[in-house]
Amino acid sequence: MQPKIMMRKKSISASKASLVLFLCQMISALDVPLDLSQPPTITQQSPKDYIVDPRENIVIQCEAKGKPPPSFSWTRNGTHFDIDKDAQVTMKPNSGTLVINIMNGGKAEAYEGVYQCTARNERGAAISNNIVIRPSRSPLWTKERLEPNHVREGDSLVLHCRPPVGLPPPIIFWMDNAFQRLPQSERVSQGLNGDLYFSNVQPEDTREDYICYARFNHTQTIQQKQPISVKVYSMDSLNDTIAANLSDTDIYGAKPVTERQPVLLTPTGSTSTKVELRGNVLLLECIAAGVPTPVIRWIKEGGELPANRTFFENFEKTLKIIDVSEADSGNYKCIARNILGSAHHVISVTVKAAPYWITAPRNLVLSPGEDGTLICRANGNPKPNISWLANGVPIAIAPEDPSRKVDGDTIIFSHVQERSSAVYQCNASNEYGYLLANAFVNVLAEPPRILTTANKLYQVIADSPALLDCAYFGSPKPEIEWFKGVKGSILRGNEYIFHDNGTLEIPVAQKDSTGTYTCVARNELGKIQNEVHLEVKDATMIIKQPEYKVIQRYGQVSFECIIKHDSTLLPTIIWLKDNDALPDDERFLVGKDNLTIMNVTDKDDGTYTCIVNTTLDSVSASAVLTVVARPNPPFDLELTGQLERSVELSWIPGDENNSPITNFVIEYEDGLHEPGVWHYQTEVPGTQTTVQLKLSPYVNYSFRVIAVNEIGRSQPSEPSEQYLTKSANPDENPSNVQGIGSEPDNLVITWESLKGFQSNGPGLQYKVSWRQKDVDDEWTSVIVANVSKYIVSGTPTFVPYEIKVQALNDLGYAPEPSEVIGHSGEDLPMVAPGNVQVHVINSTLAKVHWDPVPLKTVRGHLQGYKVYYWKVQSLSRRSRRHVEKKILTFRGNKTFGMLPGLEPYSSYKLNVRVVNGKGEGPASPDKIFKTPEGVPSSPSFLKITNPTLDSLTLEWGSPTHPNGVLISYILKFQPINNTHELGPLVEIRIPANESSMILKNLNYSTRYKFYFNAQTSVGSGSQITEEAVTIMDEGKMAMASRQVDIATQGWFIGLMCAVALLILILLIVCFIRRNKGGKYPVKEKEDAHADPEIQPMKEDDGTFGEYSDTEDHKPLKKGSRTPSDRTVKKEDSDDSLVDYGEGVNGQFNEDGSFIGQYSGKKEKEPAEGNESSEAPSPVNAMNSFV
């Protein structure tokens, strides 16, 4: 669903409002101020055709204005009406309105007639329309005897209403005795004349209370006709009354209802005519009889029915065209059609027209000596006659005026004088009506006057039109000019529009249009000006509109309406739902700029509109809320077309709840085998409401349907009726048939049993058959109950069998099953692999080969070979360790494999065994092999002690894994200066039997970085690094203090030197005491831990240095506090088989080759030259402080 967002904006200064204001101002500009002499003008009068309520007083209106105020007189039926002689008639003070007192004994009928009002003063006389007074009438129906209508089924019938003639005509409707409207349809309907038409009667039309009512709205009365009785008879049902009134011939001649061609009941004949007046509503009607009931269609011969003005009513029996014009004249054909034929009628329509104005005469204000014209132009059909009156008298007999000349529909005035003032009437009439208009000629000599209020403030919205009034009067007509500002120049140009009524229009007002505007009116008699003020405001805007929302039922939704407005305008925000006020419900929460609906329900669905109003403009934005939910369950499930193996299911979808149904899920219940359990059957698209379902025999089916949309699944429908299918032979055999022995001398045959509905009938059993492959010719068979296993005993060990399992029930067997191959039970392999050979590839990898065992000796499914291997001892140490056997499995008929993760310089043993489904066979004789030397691991620790001005003492531990015979140690070191740059690298080779040394001739107060590793004949092992600092000279220390410290006062320098000296003495004493603690207790650690390869050594003495192989040979970070324990620790790097092969301890490729590669972790060799050093030791930190 696409999102629906609507926005609407309107402004009080919008174009439509501008046009209305402009027209109003033009009209007001022609008005003469009431303080000036002017002829009378009729301002209010009663309608031409005035129907009055005879029970109330009659009020005939006539109001007029003029200077001096006019006097009033009346004529009745063309003669003077002397109201002073009739006590029931009074005239309102200062008015010409008549009040005829009916309620105090007068009769309305006595005052019927044509009335005309005249308003007169010294400058002329104006007259009203001819006002026809008629009292309304609501007469009773005349008494009449209505005979019952006996009608044969299928015949047409017309019940006549014939209401009494009232004024105005009554509204007709048909009801029964219970005041219930009688139902109408294409077959039964009311005509325009009020009669009730039956195209064909049915037995249900029989009743005795067909009553026609006439409602007279003017008197608010309803008149009732006598009830009409209708009795419909047929050959199948004749009541006693009808039988008594019919002869035998009538009875025997009655025939069953037959189909009949259409016949028009109204209008009669093939053609008719209709005259309608322009602007009225044209109603054409055609009602036809026939069986089946005819359908009516309308066309206009030689043209199209007018779009947007044509409507069909009364089940298309009435054609309605509104606001007709002469162009709607023509021939209209109605066609009544049913399956047997058609009938038609042509109505010739002529549209006439009462007179209507083209140019009505308008008041004329002239100054002495000016010229002018009065124009009176009207049209009609037939064309109206134009006649002129002067002060209510035909102009032909009116007093002569030399300045006046009549030329048909125009009166021409030349060089008028004050005596030329008068009121002229133009009358346009034809046979269908008349028009009467008053227009005065007022001769005045007046200087300009401005009628608009001074200093009036106008406020408009930016980018909308601004209309500044300057209503004026003067004779001669003044000229109008506009200025902006106090000393502004006259306004001209395309950015302004100057209207004849004096209004200044700024089509697109901007913020800089704000200011004071001056209107100047001048004629030959004078000049006057007026100031008005314009303020242009920022438009109100909705900067964040409400958005289209889809919400689930019982959820919460919010619509935002964030606005921006002019700071001087006070906006109000109103929320509407479907263009009406919000429901009075506490779930609707209206915030400052949002609307929140809690616990949304289906009735909240609709369009929500935010309306922002100010005194100058209004904006709105709308968004649609769609409430969605899971669909309602389908209903009315029906089974049709029941066959042995199929049935058609149909249903009616429930409400989709604004989220289209995507699919229907059909489920079934087997009431015979699994009552209460529903199973998935199938599903169909959401546009489908029927489905052909495949069925199985011997199942008592019930179906239900679930509708699904994007929100979720509906509740299941009510179950359908049950349908039990007939029994039949099984259609299928058990699946997943297997034959696997559980013991060396048996064969276990298993299968998946058929489900209840797959049995196709009662008495489900299985026929199990087997024979030894390539040995037996005959099958051995047994019939078993509804189970899923059968055991064959006394079989040879691990031989192939052909097996099949066939289903059967009381009606017969399933189709012949397919055969599968199974094997009797396995036994352990009999022999071990021979000719086992080992090829050592390197110090950590070896390859083993063996000869395969004969397949007959495997006595089962060959699964592969297992290689058991274990380390006997390390050749570099004679001490034995706990033996841990490792196993590698090689799948399939492999004859070689790789042994990864071996330890260098060690002695190993291995053997090989064959594996089947039962287990492992005997082991091959143990095979011994040795791995060559490798590079050693890093020394176990490195610590630096006893720092002096020019020497350091180094102590270390031998590698945890020498991986061969150690031949020497390599020590490399280099100084690090204060900018963390590395100095030249020095290398020293140390005999393998040494464990410490004193490094002399070093620079005082210098940091050094050390790199240390061991060597075998194969090469150098990984190295460890450490840093240390020689002690600073005291004299230099004081000098450094003076250089570093920025203080210049002597007492501060002395204090800092004393503190530094005290700290240095304490450190030296601490170091000496720790060094007297003894040597590193390596022997004790080894005795405490039998396996040093598993447990790394730890030290807690106070020597310098700390080893970490995670640092990439970088100095310690600047300012870091290293512990006093400088013991180097190294984690074990034992070889691991986790990355290899399949099985317990390793993994191999299909060919048994080694996937990974064993490798030890080595540190990079230090580069000659400069390296960055991250931080000085605590001694350097202390030196910097001092």
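Cys561 has 0% relative accessibility and therefore counts as buried, the cut-off being under 20%. Cys610 also counts as buried, because its relative accessibility is 0%. These values come from a predicted model. A disulfide joins Cys561 to Cys610, with 1.9 Å from S to S. The torsion about this S-S bond is about -65 degrees, so the disulfide of Cys561 and Cys610 is left-handed. Cys561 lies in the loop between β50 (557-560) and β51 (562-564), while Cys610 lies in strand β56, so the pair ties together parts that are 49 residues apart in sequence.

**Disulfides**

A disulfide is a covalent bond between the sulfur atoms of two cysteines. The count for this protein comes to six disulfides. With the bonded cysteines counted along the chain, the pattern is 1-2, 3-4, 5-6, 7-8, 9-10, 11-12.

| Pair | S to S distance | Torsion about the S-S bond |
|---|---|---|
| Cys286 and Cys334 | 1.8 Å | -70 degrees |
| Cys376 and Cys426 | 1.6 Å | about -65 degrees |
| Cys561 and Cys610 | 1.9 Å | about -65 degrees |

The link of Cys286 and Cys334 is left-handed. This pair links distant parts of the chain: Cys286 is in the loop between β23 (282-285) and β24 (287-291), and Cys334 is in strand β28 (residues 330-338), 48 residues apart. Cys286 and Cys334 are both buried.

The disulfide of Cys376 and Cys426 is left-handed, because the torsion about its S-S bond is about -65 degrees. Cys376 sits in the loop between β31 and β32 (377-381) and Cys426 sits in strand β37 (residues 422-430), so this pair ties together parts 50 residues apart in sequence. Both of these cysteines are buried.

Two further cysteines have other accessibility values. Cys1057 counts as partly exposed because its relative accessibility is 28%. Cys1070, at 34% relative accessibility, counts as partly exposed.

**Strands around the disulfides**

Strand β56, which holds Cys610, covers residues 606-613. Its partner is strand β52 (residues 572-577), and the two pair in the antiparallel sense over six bridges. Thr572 has Asn613 in β56 as its bridge partner. β52 also pairs in the antiparallel sense with strand β53 (residues 580-581), over two bridges. Here the bridge partner of Lys577 is Asp580 in β53. The hairpin of β52 and β53 has two residues between the strands, and Asp578 takes a positive phi near 55 degrees.

Leu374 stands opposite Ile411 in β36. Strand β35 (residues 404-407) is also joined to β36 by four bridges, again antiparallel. In this pairing, Lys405 stands opposite Ile412. β35 and β36 form a hairpin with two residues between them, and Gly408 in the turn has a positive phi of about 65 degrees.

β30 and strand β38 (residues 433-443) run parallel and are joined by three bridges. Within this pairing, the bridge partner of Leu366 is Val443.

Another open sheet has four strands in the order β40-β47-β46-β43, also with mixed pairing. Its edge strands are β40 (456-461) and β43 (479-484), each of which pairs on one side only. Neighbouring strands of this sheet are turned against each other by 25 degrees on average, direction ignored. Six bridges join β40 to strand β47 (residues 526-537), and these strands run parallel. Ile461 stands opposite Lys537 in β47.

**The protein as a whole**

The protein has seven helices and 86 strands. Of its 1186 residues, 44% are buried. Among contacts between residues at least 6 apart in sequence, 66% join residues at least 24 apart. The accessible surface comes to about 61400 Å², and 51% of that surface belongs to carbon and sulfur atoms.

Key
Residues are numbered from 1 along each chain as its sequence is written. This is a predicted model: local features need pLDDT of at least 70, side-chain atom pairs count only at pLDDT 80 or more; totals for chains, interfaces and linings use all residues. Side-chain values use heavy atoms; hydrogens and water are left out. Two strands pair if DSSP finds at least two bridges between them. Axes are lines fitted to C-alpha atoms, for helices over the stretch in contact, and angles run from 0 to 180 degrees between N-to-C directions. Buried means under 20% relative accessible area, exposed over 50%, partly exposed in between (1.4 Å probe, protein chains only). Contact means heavy atoms within 4.5 Å. Accessible areas come from the Shrake-Rupley method with a 1.4 Å probe; for residues, only the protein chains shown count as cover. A disulfide is a pair of cysteine sulfur atoms within 2.5 Å.
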